[in-house]
Amino acid sequence: MLDKMIIGRYVPANSLMHKMDPRAKLLLVFLFVCVVFLANNVVSYGLLAVFTILLISLSKIPLRYLYNGLKPIFFLIVFTFLLHILFTKEGELLFEYGWFEIYEGGLIQGFFISIRFTLLILVTSLLTLTTSPISITDGMEELLGPLKKWKMPVHELALMMSIALRFIPTLMEETEKIMKAQTARGVDFSSGPIKDRVKSIVPLLVPLFVSSFKRAEELATAMESRGYRGGEGRTKYRQLNWKTSDSLLMVSIGVLTFMLFLLRSE
C-alpha cells in the first residue's frame, strides 16, 4: 500500500490533525491553494515549505508514506520543470547547445512552479489522509449550508465530492490490475512509437470504464437498499465540534497570508 497514490486515502491515527474539525481542514486547503500563488521568491517559498512540514508533523503521517505516494506524479513535476526551461526565455543565458538554451528566468520559474505543485499536492493529500470520507461530506455540507437558501442540493453535492475522492485510489488500483493483466497478454505500454502506445491504451480504458460503471451501479443499489433518499430530513450521528485548535489553524493560515504579502517582491 505504501507505493500507491496517496490522494483520496484515509489513514487512521490519533494525531492533532486527525482530531481537527473537517471544516477547518477544508478551509485550510482552500486558503492554502489561494495563498500559494502569492509566493514569488526563495524566502516566501521557504516559508510555505516550513508551514507544510509543520502540518505533516502534526498529522503524524510517515514521510516514507508521503514520498512513495508522490512517486506517481514525479514525472508530471519533472515534465512541468522541463517545459519552463525550454520555453521561458527570460534573464541571462546560462547554457546553449544548438537549439537547446537554458535561461536563468526559465530555470528559476521552473523550480518555483515545481515546488508550488509539490506543496499543493502534499497539503491537499493531508486532507484526505487525516479525514474520513464521511467527515469530509459533513464538513462540505456545513460549509455550503448557506447555498440552501438558493435551493442548491448541498448534501448531494458534498456527497458526490466525497465519493469522487474516495474512489480515486480504488480506480488507481483497478488500473494497475488491468495493466498487469494486459501486460501478461502481450500488451506493451512502455516502449515503441507514440502511435502504438496510444493504441495500447484502448485495451486499458475499455475495461476500466466498464468496471467504473459497474461499481457505480453497485454503489447506487446499496444506497437505495439502505433507504437513502437525499439529504432532506436526514439526521447525523457524528456532530461537528469546532475547537480551539481549529481556530489556531485558521489564525496560522492568516498569519502565513500576511507574511507572504510582506515578502512578495515585485
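**A walk through a predicted helical chain**

By salt bridge I mean a side-chain nitrogen of Lys or Arg within 4 Å of a carboxyl oxygen of Asp or Glu. D246 is buried, with a relative accessible area of 0%, while K243 is partly exposed at 31%. Buried here is under 20% relative accessible area, exposed is over 50%, and partly exposed is in between, using a 1.4 Å probe and protein chains only.

A quick word on where this comes from. This is a predicted model, in which local features need pLDDT of at least 70 and side-chain atom pairs count only at pLDDT 80 or more, while totals for chains, interfaces and linings use all residues. Residues are numbered from 1 along each chain as its sequence is written, and side-chain values use heavy atoms, with hydrogens and water left out.

Now the whole chain. It has 9 helices and 2 strands, in the order α-α-α-α-β-β-α-α-α-α-α. These are DSSP runs numbered from the N terminus: H or I over at least four residues for helices, E over at least two for strands. Of the 266 residues, 38% are buried.

Back to salt bridges: the whole structure has 4. One of them joins the side chains of D21 and R23, at 2.8 Å from N to O, and both of these residues are buried. Another links K180 and E176 at 3.5 Å. K180 and E176 sit in helix 7 (residues 154–184), 4 residues apart, which is about one turn of the helix. K180 is exposed at 55%, and E176 is partly exposed at 27%.

The patch consists of V43, V251, V255, F258, M259, L262 and L263, with about 640 Å² of accessible area together. Patch residues have over 30% relative accessible area and no salt bridge; nonpolar side chains (Val, Leu, Ile, Met, Phe, Trp, Tyr) are joined within 5 Å, and like charges within 9 Å. Areas come from the Shrake-Rupley method with a 1.4 Å probe, and for residues only the protein chains shown count as cover.

Leaving aside residues up to four places away in sequence, S245 touches L16 and M20, where contact means heavy atoms within 4.5 Å.
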